[in-house]
Amino acid sequence: MTEPTSQLTSQPFSPPEGLKRLAYGAAAAATVLLGLSVATDLTRSLTNSLVLFVFTVTLGLGCLFLVALEYTVNATWSIPLRRISEHLAGLLPFSLLLALPVLFGLGRLYEWTHGEVMASDPILQAKIPYLNVPFFLARFAIFYLVWFTGYVVLVGGSIRQDRTPDPAFGRRARRFSPVFIILLVITITFASFDWIMSLSPHWYSSIFGIYLLVGAMVAGIALTTLAAATLKLKGFLPAEIGRDHFYNLGALLFALNTAWAYIAFAQFLLIWYGNLPHETVWYAVRSRGGWGTVSGVLIIGHFVVPFLALLSRSAKTDLRRLRWVAAWVLGAHVLDVYWLISPSVRTTGTAIGWQELWIPLAAIALGILVWIRQSKNSPMIPTGDPRLEHALHFHL
Amino acid sequence: MFDQARNRAAPVAPDEQIVGAIAIYGSPDDLAEAVLQARRKGFTRLDTVSPYPLHGMDELLGRGPSRLGYVAAAAGLGATALAKGVQWWISAVDYPLNIGGAPLFALPAFVPVTFELMVLFASLITVAGMLAVFNGLPRYGSALLRSRHIRDLTCNRYGLVIDAADKRFEPERVTRDLETPTREAFELLTRPRPGRFFAERILSVPFLVLLVGVGLLASTSTRLVFRYGGEIPPFDFMKRQQRVGAQRPAAFFPDQPGMRLPVEGTIARGQQPYAFRGEPENAATSLVNPVAVTRESLSRGQQRYTAFCQHCHGKLADGRGTLTAAFPKAPTLHSAKAREWNDGRIYAVLTEGQNAMPAHAAQIARTDRWQIIHYLRVLQRSQNAREQDLP
């Protein structure tokens with residue numbers, strides 16, 4: 001096998017100063033805003049920290065899912081871009097830090113943590129065996145156990161392969177990934193039930209897990225696309241990674257984003273059609289006042305704009321446009337998570353105010369810093385993968 | 001060495017017509033070079049034939065991106081408009097049906113049909129459009145298939161085809177125009193002149209025999225199937241399910257009647273139970289006719305009277321109805337008693353019945369009963385008019 005890559009890519013990524021400055025600036029602004037926000041309204045800040053936590057988890061899981069998906073379907077074209085997803089899946093371990101305020105604030109966020117509320121309501125009484133703090137924490141631990149296992153096996157193995165080429169790793173990963181994807185779907189379903197749906201403990205929707213899963217997949221592909229397009233524009237990727245690779249990324253982003261709209265609409269349609277009060281209440285809250293505006297912005301921002309922006313063939317290969325759309329979709333996804341969580345906790349106050357501004361700022365800071373840290377010790381493309389050379393010459 | 005014999009165009013038979021020319025090359029690179037040279041010479045109607053798709057050949061041939069996407073977009077948008085329009089017309093205009101209080105033009109409910117129809121139309125029209133418009137299919141044959149080189153072209157040779165419709169195409173010169181050092185062979189592509197095709201292939205005895213034979217076979221077998229095979233009902237499981245027939249007992253209700261009584265204690269929407277059952281005098285003192293006397297209420301009263309009262313009480317309410325032979329004679333309603341009864345008292349009779357007259361509460365709606373009473377007053381006055389009633 002020939003040496004496939006330019007000098008640039010076999011060396012670790014040295015982040016441009018601008019990126020670091022952006023991260024530190026965002027972190028500083030987020031800290032100040034968070035401090036002010038905590039001082040004025042603790043519950044609101046806790047809700048927002050839950051939003052940031054779920055958002056970060058979906059980013060990490062989405063990237064990890066892409067890696068597992070590549071092995072499962074035995075894809076070749078995505079191999080040169082896999083390392084970017086692997087680096088960004090590093091958000092998953094860091095999300096555990098963000099879970100701390102949520103875990104300490106369970107009592108303020110989740111109605112079902114209060115025994116007297118549960119005891120006084122016959123419907124909630126029946127849910128006590130599932131909705132209780134010890135079992136919640138146990139499930140939390142199981143989720144992270146599954147995700148960490150996947151992270152260590154897939155990402156850790158791939159990075160080890162760079163140093164000591166091990167052709168057997170690919171085979172192991174291809175056998176492990178389908179199982180992991182099944183576990184991932186199950187865990188993210190229950191995570192969505194636990195972390196988000198149980199905020200309104202009377203309400204249920206069986207499609208909710210898929211909703212969050214598709215959201216996570218969209219977030220993962222958007223984040224990977226954003227990072228890949230940025231690296232390519234700054235010249236950190238080999239010349240062989242070209243139009244057709246990015247076309248595939250754009251097409252996946254387009255398809256998954258449309259799938260998100262499909263699932264979101266399926267959930268809405270069934271509840272709208274059934275017209276049962278205990279189901280419609282969830283949408284009723286989200287269609288009044290400021291929350292109604294947020295819902296409208298979500299439909300346009302998470303579906304209409306990306307759909308139109310990515311529809312044409314040329315849009316999927318235009319790196320600058322692709323980068324903007326990917327960033328836009330990430331913004332829409334954080335709004336989506338916020339929309340899922342906040343109206344269930346607080347029905348009063350402005351739908352979105354300055355108190356929420358720190359969420360995207362903190363996410364930007366966290367994303368950039370984790371990415372820089374993760375990419376410090378390994379090259380930007382998986383140089384140890386035996387099929388890399390083949391994958392670099394991918395053409396549609 | 002360069003094979004001069006193979007590189008010459010074969011002579012064209014007199015009843016053949018030239019539709020293009022093909023040059024054969026041994027490698028994709030040679031082909032690419034030839035394509036570039038042909039384009040430099042001004043040829044525009046070029047195509048290539050290769051055993052597998054060649055990346056970048058579209059660009060070399062100067063083809064822009066396919067316009068098929070516009071076909072798909074038009075088909076999708078057309079289907080969306082069609083689906084929305086049809087559903088709007090059926091559900092909101094032609095046959096408005098209140099379903100669970102949802103708006104007649106229920107946008108969320110229309111999305112699935114719209115979406116499916118859009119996908120269906122877009123995919124079918126795109127495939128059909130690709131085949132018919134862009135690939136020029138169906139085609140019953142291609143001049144290329146008559147080429148000496150077609151076997152090589154599906155195996156390890158690469159061909160450059162020039163259409164005879166190209167403005168620079170001249171049968172005598174084209175072989176020189178396409179001359180490159182790497183060319184392995186050259187051939188003019190021909191096909192039979194159209195006239196000959198019809199005369200020899202369509203009007204040939206075997207073809208006509210085949211045509212008639214297939215026709216006979218198809219019609220005979222269809223006839224036999226319908227004659228002896230009988231009807232095969234397609235989806236009759238709805239017809240065969242357990243159901244309640246009109247005025248029939250129903251097997252799945254333990255107490256038999258198919259027409260069910262309402263649950264004890266229920267009343268229909270917008271209705272009130274009648275409070276004076278068995279107490280007509282009480283009704284007389286408590287009930288007041290709630291309907292105003294208007295042209296509409298009187299004509300409705302007349303219409304209901306004609307339908308429900310006239311056959312016994314007579315057209316003028318004088319007790320001379322048409323059913324007198326079969327039923328007990330109904331009394332005249334111009335008696336002093338009937339004229340002095342107030343509306344509430346008559347309403348009690350209409351509702352509960354009296355003597356031989358059955359209760360009419362089930363047949364005549366509440367408001368209609370009050371309107372019948374208004375009309376009855378008209379009849380009474382008409383038969384007992386006083387002088388000052390005259391104009």
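With a relative accessibility of 16%, Thr126(B) counts as buried (under 20% relative accessible area is buried, over 50% is exposed and anything in between is partly exposed, with a 1.4 Å probe and protein chains only). This is a predicted model, in which local features need pLDDT of at least 70 and side-chain atom pairs count only at pLDDT 80 or more, while totals for chains, interfaces and linings use all residues. Residues are numbered from 1 along each chain as its sequence is written, chains are lettered from A and ligands numbered from 1 in the order in which they are written, and side-chain values use heavy atoms, with hydrogens and water left out.

Thr126(B) sits in helix H4 of chain B (helices, H or I of at least four residues, and strands, E of at least two, are DSSP runs numbered from the N terminus). Setting aside neighbours within four places in sequence, Thr126(B) is in contact with Leu68(B), Ala72(B) and Phe121(B), contact meaning heavy atoms within 4.5 Å. Helix H4 of chain B covers 107–134, and the loop between this helix and helix H5 (150–153) holds Ser147(B). Ser147(B) is buried too, at a relative accessible area of 7%. The side chain of Ser147(B) is joined to that of Glu187(B) by a polar contact of 2.8 Å (a pair of N or O atoms within 3.5 Å; within protein, one must be able to donate a hydrogen and the other to accept it, and residues adjacent in sequence count only if both atoms are side-chain atoms). A polar atom of the Ser147(B) side chain also lies 2.9 Å from the backbone nitrogen of His149(B). Beyond four places in sequence, Ser147(B) touches Ile22(B), Glu187(B) and Leu189(B).

Further along chain B, the loop between helix H13 (343–352) and helix H14 (366–383) contains Asn355(B), and Ile364(B) is found in the loop between H13 and H14 as well. Asn355(B) is exposed, at 77% relative accessibility, whereas Ile364(B) is buried, with a relative accessible area of 1%. Not counting residues up to four places away in sequence, Ile364(B) touches Phe308(B), Arg369(B) and Ile372(B). As for the backbone, most residues other than glycine have a negative phi. Asn355(B), not a glycine, has a positive phi of about 50°. Over in chain A, Asn275(A) also has a positive phi, near 55°. That residue belongs to the loop between helix H12 (243–274) and helix H13 (277–286) of chain A, and at 46% relative accessibility Asn275(A) counts as partly exposed.

Now for the charged pairs. Over all chains, the structure holds 21 salt bridges (a side-chain nitrogen of Lys or Arg within 4 Å of a carboxyl oxygen of Asp or Glu). One of them pairs Arg44(A) with Glu356(A), whose closest N and O atoms are 2.7 Å apart. This pair spans 312 residues, from Arg44(A) in helix H3 (residues 42–72) to Glu356(A) in the loop between helix H15 (319–345) and H16 of chain A. Both Arg44(A) and Glu356(A) are buried.

Arg82(A) forms a salt bridge with Asp385(A), at 3.0 Å between the closest N and O atoms. Here too distant parts of the chain are linked: Arg82(A) is in helix H4 (residues 79–88) of chain A and Asp385(A), 303 residues apart from it, in the loop between H16 and H17. Arg82(A) is buried at 2%, and Asp385(A) is buried at 8% relative accessibility. Asp162(A) pairs with Arg83(A), the closest N and O atoms being 2.6 Å apart. Asp162(A) in helix H9 (residues 133–163) and Arg83(A) in helix H4 of chain A are 79 residues apart. Asp162(A) is buried, with a relative accessible area of 17%, and Arg83(A) is buried at 0% relative accessibility. Through shared partners, salt bridges join Glu70(A), Arg82(A), Arg83(A), Glu86(A), Asp162(A) and Asp385(A) into one network.

The loop between helix H16 (358–374) and helix H17 (388–392) of chain A also holds Ser378(A), buried at 3%. The side chain of Ser378(A) makes a polar contact of 2.9 Å with that of His87(A).

Where the chains meet, 10 residues of chain A are in contact with 11 of chain B. Across this interface there are 0 salt bridges. On the side of chain A that touches chain B, 7 residues are nonpolar, 2 polar and 1 charged (Ala, Val, Leu, Ile, Met, Phe, Trp, Tyr, Cys and Pro count as nonpolar, Asp, Glu, Lys and Arg as charged, and the others, Gly among them, as polar).
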